[in-house]
Amino acid sequence: MSIFLTLIPFVLALLFSLAIVPVLVWMERRIAGLIQDRLGPNRCNVGGIRLGGLIQSIADVVKLFFKEEIHPHFIKNRFYYLVAPSLSFIAAFLSFMVIPFGDNYNYDGLNFTLQALDVDLGILWFLGFAGLGVYGIILAGWASSSKFGILGSLRAASQVISYEVAMSLAILSFVISYGSIDFRVMVQAQSETFLWVLPSWGVVMQPVATLILIVTAFAETNRAPFDAAEGESEIVAGYHTEYGAMKFGLFFVAEYMAMAASSALMVTILFGGYNLPYIDSKFMGEHLAFMAMFFVLMSSFFTFVLIRWIKKNNTYSSVSKKESKIYYVLLLGFLGFIALGFTYLVVFQLSSLAIALMQVMTFLLKFIAILFFFIWVRWTFPRFRYDQTQKLGWNLLLPLSIANVLVTAIVVVGAN
Amino acid sequence: MGIKTVQRPQKSLKHSLYISALYGGLKTTIKKFTQNISDIDSIPTINYPEQQPSDITSRYRGVHRLTKRADDTISCVACFMCATACPSKCIFIEATQRTDGVDEKMPRTFTIDMLECVFCGYCVEACPCDAIRMDSGIFTLIAKQREDFLYDKEKLLSIKGAFGNEVSNAK
Amino acid sequence: MSGYTFSAENLKEIDKLLKRYPSKEALTLPILWMVQNDLGYLSNIALREASKILDMPTSHFYSVASFYTMFKFKKSEKVFVELCKSLSCELNNSDELYEYLKTRDDIELVRVECLGSCGSSPMCAINGKYHENLNIKKLDTILGDKDAL
Amino acid sequence: MVTIYVNNKPIICKDKELLIKVLKENDIFIPHFCYHESLGADGNCRMCLVEIEGSKRPQIACDTFVYDGLRVHTKSESILETNKDILELELLSHPVDCPTCDQAGECSLQNYYMEYGLYDSRVSVAKNKKDKALDLGSNIMLDQERCVLCMRCVRFCSDITKTDELVVMGRGNDSYITTTPFMRLSNPYAMNVIDLCPVGALTSKDFRFKQRVWFLDSTQSICHACSKNCSIFIDHNAQKNQNDHVHRFRPRVNTMVNGHFICDEGRLSYKKANETRKNDFIMKSRISTYESILKHTKKLLQSENAIALVSASLSVEQMLLVKELSEMYLFDVYYDYKEDEKFGDDFLKSSIKESNLYTAKLLDFKLVDKPYEESLISKSLILNFNSEFISKPRPIEMIEFLTHEGKFERSSSIFTYEYFHNDMGLLINSDGVISSYKKSSKVKSEKFTLLKILNDLLDESYTNESIYEKYKELFFKNIPYSKIMKQSQRLGL
Amino acid sequence: MLFKNVSARFEIENSNSIDVILEHNGYEMVKKLQEFTPEQIIQEVEKSGLRGKGGGGALAGAKWRLLEKAKGKKYIVINADESEPGTFKDRSIIEKDPHLLIEGIILTAYALNSNDAFIYIRGEYQEQAKILQKAIDEAYEKGFLGDETIHKYNIHLTLHRGAGAYICGEKSALLESLEGKRGHPRLKPHTPSPEYFFNNPTLVNNVETIATIPSIIKNGSSFYKNLGVEPSCGSMLFGVSGHVNKPGIYECEFGVSMLDYINTLGGGVKGESIKAVITGGVSTGVIPFEIVKDIKLTYEDLRKAGSSLGTGGMIVMNESTCMVKALKNILSFYHDESCGQCTPCREGTFWVDATLDKFLDGSATLEDIEILKSNSKIMNGKTVCVFAPSVSTVIDSFLKYFQDEFIAKIKVDV
């Protein structure tokens with residue numbers, strides 16, 4: 001049992017990083033569709049179950065797995081060519097490993113950390129591995145022996161160099177504010193209040209650094225509007241022009257994972273991490289029943305909203321009614337499971353587990369919201385030109401972040 | 001003389017911060033998103049292929065076809081104007097002597113590689129004989145292998161126009 | 001068509017003319033006339049013979065002969081009527097004659113440009129002989145008298 | 001020398017020169033149909049009307065002789081108007097069947113229409129009907145409707161070949177060009193009328209409907225059909241997804257060699273360029289690689305007692321490298337040639353069919369006669385440089401350098417090299433004129449050139465230029481390479 | 001009004017026979033040939049102000065001088081290729097007094113030191129050629145022509161028959177034809193020079209011009225000079241045809257009123273009134289009655305009226321004539337007769353002819369009038385010879401005076 005419980009953080013990390021990718025892809029497509037007055041993927045199904053099109057992403061993954069591997073003949077260095085996507089993937093994956101999804105929890109007197117890798121230097125790890133991701137890209141571009149590839153990777157590399165500095169400095173100002181580089185400490189620091197009413201979230205404490213962090217996070221992950229590195233209108237697909245099948249898939253997954261990691265980072269240092277505002281683990285432990293009730297009520301509210309929405313909108317074909325019924329059953333079942341689960345945990349006073357569960361749910365909610373924001377931004381803003389990207393990075397964000405660090409340091413030193 | 005010089009708008013602080021513009025953009029898209037998600041049926045969508053589009057007009061650039069003259073002979077004279085105009089160089093013609101007395105020259109082979117075609121319609125514009133048209137109304141190109149996308153003369157001749165006016169309008 | 005030989009009389013005439021003109025080439029038209037007067041048309045064999053006499057390519061004879069309207073490349077057995085269509089004749093109703101002659105199928109009718117009989121129009125030349133101040137009745141009698149033609 | 005002013009710009013030219021010639025030499029646009037450098041003026045097309053100061057009416061440039069101070073305008077409004085009107089008349093009876101016309105793309109009517117016309121047709125009367133697609137013989141098709149009666153073809157047959165097959169028949173608007181009745185075009189230079197014809201009236205039956213000319217790339221080259229070495233353009237192209245294909249040879253103006261024309265046989269010899277060998281490297285009837293066959297050859301050259309036979313059609317540079325090779329490995333070089341008395345004439349056809357015999361003699365190669373057969377007895381290796389006259393009396397090692405299929409495919413090792421249409425080089429013709437042929441920059445060559453193969457055998461890296469320069473003092477009267485590239489040079493006999 | 005100089009012997013019966021002619025002062029001057037020096041004859045012709053009667057009206061003396069100065073064997077060619085519709089004066093000389101022509105030729109040849117003369121007669125004149133040939137033979141017989149002549153001057157005269165090409169009336173085309181080629185006019189020399197027949201300097205003169213010579217030599221230059229009105233000296237065989245009661249050839253002095261000529265000699269117009277007159281063969285253009293009534297028959301007067309005297313063959317048209325049809329007739333003549341050498345003429349004549357067809361079948365539009373005008377412009381002055389410019393003159397004159405009739409034929413767009 002304890003081994004099982006030890007594995008929980010890993011499983012969660014895997015879920016949040018790897019398993020979120022198909023969901024993200026689905027979200028991206030559907031949101032893009034809805035923003036653009038389209039429907040997005042909605043046809044792919046397993047036995048009539050379409051999960052709103054989510055099956056499409058799964059089908060895509062399957063397709064990518066089984067596609068023919070093509071190695072262009074002009075690629076001289078097969079090893080680097082093959083290692084590049086893996087490098088990107090591993091870097092993105094590892095950077096996720098230090099994100100805490102909840103407070104520590106106890107079971108049977110054992111203490112578990114809700115963090116895949118229980119390290120104290122969270123931010124440094126994150127920065128280290130997030131920065132490493134670009135090596136994969138550079139290697140891919142170079143090993144492709146393709147002009148588009150090398151141009152894409154050069155763009156990506158220069159972009160990362162330009163924005164890494166500003167990002168680090170922005171994070172430095174958070175580190176100064178929170179006085180720690182440990183994510184968990186940061187989260188706890190954010191559960192307090194600021195100016196009596198506001199939650200002391202990073203976004204409130206450090207608005208400028210927040211802005212810088214968000215912008216640089218976009219740039220770091222090569223997301224629109226900073227995706228000149230794969231600007232298909234000029235350089236086909238940038239660094240992954242010569243990649244196909246699962247090799248491309250790895251880049252694809254890595255990109256989304258990097259995005260997920262960035263979101264997780266933002267949740268953690270800007271939006272109070274796994275905590276609800278004003279409420280920390282201690283408070284939860286003290287008002288467990290009330291909190292549980294709140295969560296169950298919230299869940300049922302969302303469930304009923306979702307059911308109403310399905311009822312109204314799932315009119316695609318004659319089988320949709322049947323499908324909807326299955327969804328109702330599943331959703332209600334899930335709700336029932338949550339309600340029963342909480343009841344069980346509350347009744348048997350497994351407060352630590354209950355708190356962990358609630359915190360993971362909170363984290364997930366914030367996480368999805370940030371991801372939504374990522375997607376929303378992508379389908380709103382046009383791509384920056386390469387020179388504009390550089391200008392923004394060096395001329396605006398860098399001085400701003402330096403100034404912010406200085407001001408923060410002065411305030412913190414002055415306050416102490 | 002005819003050039004009007006337009007002053008670029010002066011950059012105000014509001015402009016250079018871009019905040020309001022960013023906000024405006026995000027507002028527009030989220031508005032669309034919420035509107036659409038709350039009433040998905042309001043998105044005008046054709047459930048193709050169960051539902052077939054009904055709004056294809058004669059100007060729609062569908063799959064090419066070769067027209068015939070009033071006397072039911074091929075109207076193409078293999079002048080290569082289409083192949084010359086083609087930006088993707090996907091029209092392959094071999095000319096030969098025409099023996100049916102209608103004209104001097106006709107294509108022996110006339111092949112369009114539909115996989116390379118970008119459906120720009122330049123070939124139709126270029127044709128002096130109204131011999132190639134894109135008025136078939138066919139918008140789906142499906143085949144099981146690459147070779148099937150090579151539309152040869154017989155195939156192109158067999159495609160019917162979807163909007164009447166079968167015969168070439170050339171003199 | 002076994003061949004064509006110029007008559008002795010013609011050859012003598014050619015010899016005489018050769019002395020008059022500065023160059024052989026100038027005899028083209030006289031020789032063509034000889035052939036046409038002889039045969040009624042220009043036959044290929046005769047032209048080849050002519051080209052030998054004048055030491056000129058045959059093509060020259062075709063080119064020159066086709067330039068002039070009076071040379072014929074085909075033999076015609078019918079009565080050859082050249083009806084003037086120029087302005088003076090037209091003003092004096094040559095059209096009427098034309099309509100009439102069109103109905104006759106025993107003649108080969110050609111409308112030609114001015115034959116220089118404007119003062120005695122309308123007119124036509126039948127087998128080269130001028131008939132002037134015509135009207136349908138007069139024309140009818142002329143054509144009726146086959147022997148006189 | 002006198003100074004004339006064309007559109008107010010001074011031009012210095014010879015006195016009493018034809019104005020149109022001066023204008024053309026100075027690249028001043030002057031439309032014309034009947035005038036041709038080789039045939040002179042006829043004055044019938046009236047396209048070359050120019051305005052001459054001091055003369056009331058426009059004058060034709062092909063009947064105006066220049067004198068000092070002549071002031072000519074070719075672009076004044078009235079002249080442009082006049083040219084446009086005359087062009088309209090030229091097009092009046094023209095069927096405008098450019099889609100089916102092979103001349104489209106190199107047609108004077110089209111070019112002038114682009115220059116002066118671009119108007120909508122005003123013609124509402126029925127066009128004259130004449131014969132189309134007449135086969136005149138000698139690979140020539142005539143379309144009388146397209147003819148503008150410039151008489152270039154007729155004048156060519158009467159003035160240049162003096163065969164008088166073509167003739168203009170009829171008068172005025174009904175006149176037409178045809179062959180003399182019961183005659184067909186049959187002179188050995190007949191196809192030149194295709195190039196002479198400024199419109200699409202005379203087209204080549206051989207090239208008919210094969211390709212549109214705007215797809216063709218032209219390369220300056222030399223005809224290899226006889227030792228006259230007429231300058232030609234090779235018109236070739238590679239269609240998408242296909243190999244390069246030579247479509248025709250056209251004469252290239254070279255006053256030192258062939259003037260404006262080439263013979264029909266030379267013109268049709270382009271077919272040989274499309275029949276080159278498929279397999280590149282053969283060793284004992286098996287497909288092999290360049291490296292291995294090179295190694296094999298070097299080994300043989302070092303160990304065996306060799307003799308070489310060269311084709312007298314190799315270029316100067318190729319022969320020079322063969323000479324280098326023979327000096328390195330100490331073997332004798334022989335050549336042979338064919339003489340066809342029936343083929344030669346005093347115009348553009350030479351009875352010697354090998355195009356570079358002059359150089360073979362110049363380099364002291366030995367003429368094949370009895371000693372060659374005798375010397376074979378003691379030899380154990382024959383090197384054959386594309387010669388047709390090779391014989392192989394007994395089983396003997398043989399290395400062949402071929403452009404086309406050879407006689408001894410089975411028993412020899414073969415290097416295949418690029419035929420002249422994809423190569424560059426120098427040739428010296430039977431009159432001792434050295435000319436250069438160039439390589440198209442557009443063709444992607446798959447085969448090696450003989451120069452490259454020989455360089456590899458020699459372990460040297462001569463270029464066409466460097467090998468020539470090395471020997472120019474010795475054999476070529478010190479004429480610099482660059483000068484030959486620009487213009488043929490006379491070496492003298 | 002009627003004046004008899006060249007036509008003096010026309011009325012005599014069998015006037016084309018040498019015996020009859022000899023009785024009527026025939027070959028009078030030739031017999032006295034040796035009394036004159038060649039220079040004297042040339043001077044007389046020069047002084048007389050004799051103008052070429054073939055249409056151009058250039059001074060004959062100047063032309064003779066050009067030839068006289070030229071080097072080489074000289075030839076004389078008599079242009080009897082009279083093919084212009086409305087013109088038939090040379091025919092009357094040939095038919096009625098061929099010996100006058102021969103006499104003129106001998107005088108001219110003597111004056112210009114030429115021993116070979118040719119008469120180029122149009123192919124259609126078969127009967128006339130026979131008459132002329134007979135006359136020549138008679139002259140040879142009587143010793144006026146040949147190697148040993150009674151007047152001690154050797155001259156050979158050859159009759160050369162054309163074969164039906166109007167353009168051969170143009171002197172350079174005539175020489176081309178005489179040389180045995182297609183009758184294409186030659187490119188004009190850039191300086192004044194005589195014509196050349198196989199590179200030999202050659203005089204080409206009209207039949208009537210040469211036929212006038214004997215009378216000038218006989219009566220002296222002042223006699224001829226005093227005829228007519230300066231600078232249109234002398235008399236001319238004017239012809240009249242078309243809508244007149246007495247069509248024919250009547251010799252008059254220059255300066256006679258055109259209307260008088262038509263009414264008295266021509267016997268008046270058929271029908272009610274004169275609508276228009278084509279003044280001197282169809283190539284001279286048309287003038288309407290308003291101008292006709294004030295005009296005198298001189299070169300200058302007619303030039304002023306925008307026409308020209310041409311060959312003096314008038315075609316009279318009465319009020320019933322359709323001018324569109326008349327123009328169509330003339331243009332189809334030009335279309336038929338264009339030699340096809342120069343593009344503007346070859347295609348232009350075809351186009352205007354075909355355009356006129358459109359007027360006649362009622363399918364013409366306003367643009368077709370523009371086409372006629374622009375073609376008339378392009379045919380003027382862009383060609384080798386004056387054939388195309390005449391077409392342009394004709395079209396211009398018809399459109400100038402009778403455009404209304406053309407517009408009336410235009411299809412009315414509904």
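1. Domains of chain C. In this predicted model, the centres of domain 1 and domain 2 of chain C, taken over C-alpha atoms, are separated by 30 Å. Domain 1 of chain C covers 8–67 and domain 2 covers 79–144; such bounds come from an automatic or database domain assignment.

2. Conventions. Residues are numbered from 1 along each chain as its sequence is written, and chains are lettered from A and ligands numbered from 1 in the order in which they are written. As the model is predicted, local features need pLDDT of at least 70 and side-chain atom pairs count only at pLDDT 80 or more, while totals for chains, interfaces and linings use all residues; side-chain values use heavy atoms, with hydrogens and water left out.

3. Fold of chain C. Chain C holds seven helices and four strands, where helices (H or I, at least four residues) and strands (E, at least two) are DSSP runs numbered from the N terminus. Their order from the N terminus is α-α-α-α-β-α-α-β-β-β-α. Along the principal axes, the C-alpha atoms of chain C fill a box of roughly 50 × 30 × 25 Å.

4. Burial and surface of chain C. Of the 149 residues in chain C, 56% are buried; buried means under 20% relative accessible area, exposed over 50%, and partly exposed in between (1.4 Å probe, protein chains only). Chain C exposes about 6,800 Å², of which carbon and sulfur atoms supply 47%; the areas come from the Shrake-Rupley method with a 1.4 Å probe, and for residues only the protein chains shown count as cover.

5. Contacts and charges of chain C. Contact means heavy atoms within 4.5 Å. Among contacts in chain C between residues at least 6 apart in sequence, 61% join residues at least 24 apart. The mean positions of its 19 positive and 21 negative charges are 4 Å apart. Lys and Arg count as positive and Asp and Glu as negative, with His and the chain ends not counted; each charge is placed at NZ of Lys, CZ of Arg, CG of Asp or CD of Glu.

6. Chain pairing. Five pairs of chains touch, and the most contacts are between chains C and E. E:Glu124, in the loop between strand 2 (116–121) and helix 7 (126–142) of chain E, is in contact with C:Met70, C:Leu115, C:Tyr130 and E:Gly164, leaving aside neighbours within four places in sequence. E:Glu124 is buried, with a relative accessible area of 11%. By contrast, no contact joins chain A and chain C, whose closest C-alpha atoms lie 67 Å apart. Chain A and chain E do not touch either, their nearest C-alpha atoms being 53 Å apart.

7. Cysteines. The count of disulfides over all chains is zero, a disulfide being a pair of cysteine sulfur atoms within 2.5 Å. The sulfur of B:Cys117 is too far for a bond, because the closest cysteine sulfur, in B:Cys90, is 4.5 Å away. B:Cys117 is buried at 12% relative accessible area. For D:Cys147, the closest cysteine sulfur is in D:Cys153 at 6.3 Å, also too far for a bond.

8. A:Tyr274. This residue lies in the loop between helix 10 (245–270) and helix 11 (281–286) of chain A and counts as buried at 0% relative accessibility. Not counting residues up to four places away in sequence, A:Tyr274 touches several residues, among them A:Pro100, A:Asp103, A:Arg184 and A:Phe363.
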